[in-house]
Amino acid sequence: MRRWRRRRRLEGLVNFRDLGGLPAAGGAIRPGRLFRSDSLAYATKSDVAHLLEDLRVATVIDLRGEYEVTHLGRGPLAATRVGYVSAPITDVSGADDLVGHYVAMLAEKGDVLAGAVRLLTHSSTLPAVFHCEAGCDRTGVLAAVVLSLLGVPDEVIAADYAATAPAMPRIHERVAVVVDRLGLPPRPASVLDWTPQAAMMLQTLELAKDRWGSMQDWAHTYGLKDDELSALRAALVA
């Protein structure tokens, strides 16, 4: 899987990557146009300089809820002129496992996800970065939607999802600090060494096909038009 390498190592962001270089229908994702990340609240001043001066990020799509944004903040990027869009993926019905949770996001937050996709059809929005807290679950679902709509093979989408695994030790450490700071209940021991696996995203994509037929059919269900999907491909595929 070809990936475009960022030019400078980030300090505070541990799960940031460019989706550029992934194979898509008719070509590959354009490098330097779409990034996924853990929360930008953890960005350092050096990270912000890289995002603005090197990557020229124009828009941030924040998938965190109001509680997270209020208590954890937006970080130093909030003081810049970068466009900020709140697209909260919260209050989703419970499920027996994470795969069921991901499918619930597609079903119950389809309008929010579709709105984020619509933003990416406009050249003025790009380059864009989207993130949640860890850059794994909510971010992984939006990444899967966008990449699938661009014709990226399921196994490549799943591999990108699993690419978060090396960052998980740092993410677990960070979450433990947040839980303690906010006085939240301790996390179950079962999640303390959890890492994302490609099979989980492959199963999510299969269940989405069973329910909607294809990601294009999902997009149509939540109001995205064919001309918008064409604009998405024109903006992000070379």
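Two cavities of 30 Å³ or more turn up in this structure, which is a predicted model in which local features need pLDDT of at least 70, side-chain atom pairs count only at pLDDT 80 or more, and totals for chains, interfaces and linings use all residues. Residues are numbered from 1 along each chain as its sequence is written, and side-chain values use heavy atoms, leaving out hydrogens and water.

A cavity here is a set of points, on a 1 Å grid over the protein atoms alone, where a 1.4 Å probe fits but cannot get out; its lining residues have an atom within 4 Å of a point. Grid points are joined across faces, edges and corners, and a volume is the space filled by probe spheres set on the points.

| Cavity | Volume | Lining by class |
|---|---|---|
| Largest | about 60 Å³ | six nonpolar, two polar, three charged residues |

Let's look at the largest cavity. Its lining includes D62, R64 and R74, along with L40, V60, Y84 and H131. Strands β5 (59-62) and β6 (83-86) each bring at least two residues to this lining. Strands (E, at least two residues) and helices (H or I, at least four) are DSSP runs, numbered from the N terminus.

Now for the second largest cavity. Among the residues lining it are L106, V141, V145, M201, T204 and M215. Helices α5 (137-149) and α8 (198-212) each supply at least two lining residues, and α8 gives the most, with four.

How values were computed:
On a 1 Å grid over the protein atoms alone, a cavity is a set of points where a 1.4 Å probe fits but cannot get out, and a pocket is an open set with protein on both sides within 12 Å along at least five of seven lines; lining residues have an atom within 4 Å of a point. Ala, Val, Leu, Ile, Met, Phe, Trp, Tyr, Cys and Pro count as nonpolar, Asp, Glu, Lys and Arg as charged, and the others, Gly among them, as polar.
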